[in-house]
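I opened the notebook to look up a few residues and helices. My entries follow in the order I made them.

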Amino acid sequence: SPVGLLKMKALHLLPPILALVASAAWLSSQQVRLIDLEKQTKVMRERIATFKALPAEIRTERSFVKEEDSLQKFLLEDGSFDWVMIAKMMGQSQTNGVPLDMKAFFKIQEMILEMSVPELEEAFVTIEGLPLSNEMKQGLQSHLMGVFVQKDPVATLKRFQSKLRDPNGQMSWHLKSAFESWMKKDQGAAMAWFDARKKTGAFDNKSLGPSSSMGRAFEVRLLGELMKSDPEAVRDRLAKFPDEERKSVITSAAMINQGRGISEDYLALIRDSLPKEERYEVLANAIGQQVYSGNLPTLSEQFKGVILEPAERMAIIEKVVENFARPWNRKPADLVEVYAWAEKEASGRAAELTGKTFAKFAGHRNTDFQETFQEVMKAAEDRDKPEILDHFATSLEDPQRHLEKLNDEGLKTIYQDLLSQIESPSGQ
């Protein structure tokens, strides 16, 4: 029947719905950038809409709802939230992975998304006065913070100024996101606020060094934004840091700036601020980091006509292919993409870089060395480039330990022959 088919569809939708709702609802546990926060809120709205669109019979199915489906137990008589009950639900959800009352859970998320800034402010005050542990209070407040940051980042920072000394607390990521959001809307005001708070010692924490403070995290975000709009301001601020800290600061700021490309002013800033070897590393990380969440970059687009020194360019290329082998969802068959990319970006080094990419993958990400070896053999054969295998073998950190991972005797023999050739290239 149609209802039966819808039930089946709902059960298939349940795992991804739960996974996405969990990631969107418990925003305090997510260590992601502000742009991802916006995506998560969108996901939350979409999941609520998906749930509401299901027929009532499915939404009340016992397999879908484990307890009495009632929002009322999470509300007080005046219709406001009963935060004590919600805190208990959150604790239960964190223990067994999913909310016990799905319908109420979705409705609460929908209502939180619609709260105004004054209502959120009042909720924070109410939660502070509840007979709950500090951990439960912080959990509730952090649960609201994602919405509060999006609606009013300035109010977020002013309300939770007392948390600026704690870079590891539940609020820390939300406060960093609020500052980043404020800079995008009014850079001058955000920068003035930060400098004023810094002078009053608002970020000081005696148990932590300056490099670990929340102030340093805010400074890095500020520099990352200024890199694209005012490189001279970045230069002035960097000059105030000790030499031994400058590399760390500019590296982190370059990470914040990733995805925006490297302009001539940006490159001049890095060249002027760091010694050559450190400069190569910063540039390599700034571009190479993008590969974790995307595809192999077109360097001509990243550098907007800027002419790189050969050593700068090669440092970037090597970091790109190294990072391409790292994402958890990368498969051995995907790595062959490096060959065509390297033919365009690093003429004459395609075979070498392809072999190194497979070797890096074998050492860091996968548990099936046999599949990786089969794929690198195929890449070498399809392109008639046996040197891919040579670079693969010479780039493995401990080639001998992989022997036991080869179950196929034929592959084991080929691998042993390859290692013998590498160890005795003259055949002696």
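**Entry: glutamate 423**

In which helix is the place of glutamate 423? I found glutamate 423 in helix H22, which covers residues 409-423. I keep in mind that this is a predicted model.

Next I checked the accessibility of glutamate 423. Its relative accessible area is 57%, so I count glutamate 423 as exposed, the cut-off being over 50%. I then looked at threonine 394. Glutamate 423 and threonine 394 are 29 residues apart in sequence. Their C-alpha atoms are 9.0 Å apart in space.

**Entry: the whole chain**

I stepped back to the chain. Its secondary structure comes to 22 helices and 0 strands. How much of the chain do buried residues make up? I read 47% of the 428 residues. I also looked up contacts between residues at least 6 apart in sequence. Of these, 68% join residues at least 24 apart.

**Entry: isoleucine 86**

I moved on to helix H4, residues 83-96, where isoleucine 86 lies. Is isoleucine 86 buried or exposed? Its relative accessible area is 1%, and buried means under 20%, so isoleucine 86 is buried.

Which residues is isoleucine 86 in contact with, leaving aside neighbours within four places in sequence? I noted Phe74, Phe81, Ile108 and Leu140. I also checked lysine 73, which is 13 residues from isoleucine 86 along the chain. The two C-alpha atoms are separated by 9.1 Å.

Serine 142 took me to helix H7, residues 134-151. I read 0% relative accessibility there, so serine 142 counts as buried. With what does the side chain of serine 142 make a polar contact? The partner is the side chain of histidine 174, at 3.3 Å.

His174 is one of the buried residues of H9, so I followed up that helix, and 12 of its 14 residues turned out to be buried. I take H9 as largely enclosed by the rest of the structure because of that count. The buried set also includes Trp173, Phe179, Trp182 and Met183. Lys176 and Glu180 are buried in H9 too.

I tested the length of H9, residues 172-185. At 1.5 Å a residue, its 14 residues should span 20 Å. The end C-alpha atoms are 20 Å apart, which agrees.

I ran the length check on H19, residues 350-364. Its 15 residues should span 21 Å at 1.5 Å a residue. The end C-alpha atoms are 21 Å apart, so the check agrees.

How many of the 15 residues of H19 are buried? I noted 11, so H19 is mostly covered, buried being under 20% relative accessible area. Among them are Glu352, Leu353, Phe358 and Phe361. The buried residues of H19 pack against H17 (310-324), H18 (337-345), H20 (369-382) and H21 (387-395).

I looked at one of these pairs, H18 with H19. Two packed helices are described by the angle and the distance between their axes. The axes of H18 and H19 come within 8 Å and cross at roughly 145°. The crossing of H18 past H19 is right-handed. From H18, the residues Val338, Tyr339, Ala342 and Glu343 take part. They meet Ala350, Ala351, Leu353, Thr354 and Thr357 in H19. I sorted the residues of this contact into 6 nonpolar, 2 polar and 1 charged.

Terms used: Residues numbered from 1 in each chain as written. Predicted model: local features only at pLDDT ≥ 70, side-chain atom pairs only at ≥ 80, totals over all residues. Heavy atoms only, no water. Helix = DSSP H or I, 4+ residues; strand = E, 2+ residues; numbered from the N terminus. Expected span 1.5 Å × (residues − 1). Buried < 20%, exposed > 50% of the residue type's maximum accessible area, 1.4 Å probe, protein only. Contact = heavy atoms within 4.5 Å. Axes fitted to C-alpha atoms, helices over the stretch in contact; angles between N-to-C directions. Left-handed = near helix turned anticlockwise from the far one by under 90°. Nonpolar A, V, L, I, M, F, W, Y, C, P; charged D, E, K, R; others polar. Polar contact = N/O pair within 3.5 Å; in protein donor to acceptor, adjacent residues only side chain to side chain.
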